[in-house]
Amino acid sequence: MINEEELKKLREISIRIRRHIVTMTGLAKSGHPGGSLSAADIITVLFFKKMRIDPKNPRWKERDIFILSKGHATPVLYAALAEAGFFPVEELKNFRRLRSHLQGHPDRLMTPGVEMSTGSLGQGLSVANGVAMAFKIDKTPRKVYVLIGDGELQEGQIWEAAMTAAHYKLDNLTAIVDYNGLQIDGPVSKVKEVAPVAEKWKAFGWEVKEIDGHDFKQIIEALDWADGVRGKPAVIIAHTLKGKGISFMEGKVKFHGVPPSEEEMKKALEELDKQEREIRK
Amino acid sequence: MKEFEYKHLRDAYGEILVELGEKYKDIVVLDADLSSSTRTAKFGEKFPERFFNIGVSEQDLMSTAAGLAIAGKRPFVSTFAVFAAGRAWEQIRQSIAYANVNVKIVASHGGITVGEDGATHQMLEDFAIMRVLPNMKVFCPADYYETKILIRKVFESDGPSYVRLSRAKFPVIFDETHDFEIGKAQVLKEGKDLTAVGVGITVHGLLITAEELEKEGISIEVINSPSIKPLDGETILNSARKTGKVFVAEEHSVIGGLGSAISEFLSQHYPTKMKFHGIKDIFGRSGNATELLRFYGLDPEGIKREIQKFLKDNA
């Protein structure tokens, strides 16, 4: 399984990723920190533990593929790609700026490591299905991962794609729902209830596992569990906290699409420094 | 008058798909519960492991094709034009055009000739809404043989393409020797009094009209423009320079289609008096294909009438 040393390493990476998220959105004065912070631990495990990728060779023929269906969470994706070495960390400061290759939403043609252009919600699961179908034809062990938002479950296309994945028995695909409970206009339960989420996926023919999306052991175990699912697609419902890791951003709808102010950025970075010191103790 | 043989464009598509599928193992085909109508079923029977029926889920259909493309396959996607271009427009915009992936959308049942199903199923806006997308190429063949060569050439080109086919049988105006090139129009008949540009079913009507008016001493240059985007502006401009008048006939709204594309080009390079002949900013209606073409003046008689009027008004 996983030893303490490795867990510590992942925790440290997730703090660096959170630091990038805060700085990128703060400097850009734009972007989506809340849903990036909620997905940070999942993304950390995918990019630094689970997926077969080669940052020096982004188009490596044997790589696993990750699709960010909730495309507004670019800060967490770019932070992970930079930390992994797909491009220099210094470039993160140009996020959302004119002439930067770090667009507001993922662009497969502009950013090394970005596999698909997303942003308009609901399309990523269908894309992942297509990738999984191609891998089946090729009889390759490559896998495809897709991260979906909970508000995104309100898109009809997600359920079209859920049916398709089950129909074609795409067991080489793992979907992860970042269930942070908040969307732009407020709590998901108030805007338009998506619950019961696990039951919905089960009814659509998927194997479902619910986890704490900030517990590294649970994330790793769930992803390994998905590898063992045969004849069906697997979905991990990750219960998360929007804004996770920054006290004053946690559970706050406001930080869905509003970046931290200069002062908030400073305070957030201090909090992350403190968390880092505690891990290193 | 010459007797024409009538053949389905979609038959040509179904046949060429199987032919290409034999040779290129990376071709995959997707459909949305209309494979017998679009003729992709032929490919599905022959290569079941490379055929995906996505069911009545057109949005899912387009994004899934994009996923197959980023994983190295060369997908053809088919459904009716109204569902491809209309229902799934935003999926095409983001997952296919913006992502610039190698997906070929071949939409059958375009235009008024869908017939009895009526307005909901008669796609008259697809040239407009596909043409406006960056990276997207837009085509519409005039007959069975042009469909074959066009699909082959579109397959050989890289990037996203939209091809409109039809439900009704179209008169055969070409043969196996017919050629097609992306971005090229063809002067089918030379003339000096009027440039008449057609696409799809209207090419036949223009040829007949030109032949008939020739006997009355009116000389019409007939241009077939299956490549709506990229448009062969040069060929049309050279003709306009000669005739000074351009008439465009299409089984599409007069807003945003081939006529608009030509006027966008000519107005900037060689302003020319034009007439757009198509569906006049209205929805279609039920009827059989022949009746409908006559009703909307897109049959050979209607086209002839419009051309005569245009010539008279601009004598």
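The model is predicted, so local features need pLDDT of at least 70 and side-chain atom pairs count only at pLDDT 80 or more, while totals for chains, interfaces and linings use all residues. Residues are numbered from 1 along each chain as its sequence is written, chains are lettered from A in the order in which they are written, and side-chain values use heavy atoms, with hydrogens and water left out.

Chain B comes with 13 helices and 14 strands; here helices (H or I, at least four residues) and strands (E, at least two) are DSSP runs, numbered from the N terminus. Its radius of gyration is 19 Å, close to the 20 Å that the globule rule gives for 315 residues, so chain B is as compact as a globular protein of that length. That radius is taken over C-alpha atoms, and the rule is 2.2 Å times the number of residues to the power 0.38. Of the 315 residues in chain B, 64% are buried, where buried means under 20% relative accessible area, exposed over 50%, and partly exposed in between (1.4 Å probe, protein chains only).

Now for the interface. In chain A, 27 residues are in contact with 25 residues of chain B, contact meaning heavy atoms within 4.5 Å. Together the two chains bury about 2200 Å², with 55% of that on carbon and sulfur atoms. Gln123(A), Ile137(A) and Glu160(A) supply 24% of the area that chain A buries against chain B, more than any other three residues. Buried area is the accessible area (1.4 Å probe) that two parts lose on being put together, summed over both.

Over in chain A, His20(A) sits in helix 1 (residues 4-28) and is buried, at a relative accessible area of 15%. Leaving aside residues up to four places away in sequence, His20(A) touches Ala79(A), Glu83(A), Val89(A) and Leu92(A).

Some backbone spots also deserve a look. Most residues other than glycine have a negative phi, and most peptide bonds are trans. Yet a cis bond, with omega about 0°, joins Ala195(A) and Pro196(A), and the peptide bond from Lys229(B) to Pro230(B) is cis too, with omega near 0°. Pro230(B) is found in the loop between strand 12 (227-229) and helix 10 (233-243) of chain B. As for phi, Arg96(A) has a positive value near 70° and is partly exposed at 28% relative accessibility. Lys169(A) has a positive phi near 50° and is partly exposed, with a relative accessible area of 48%.
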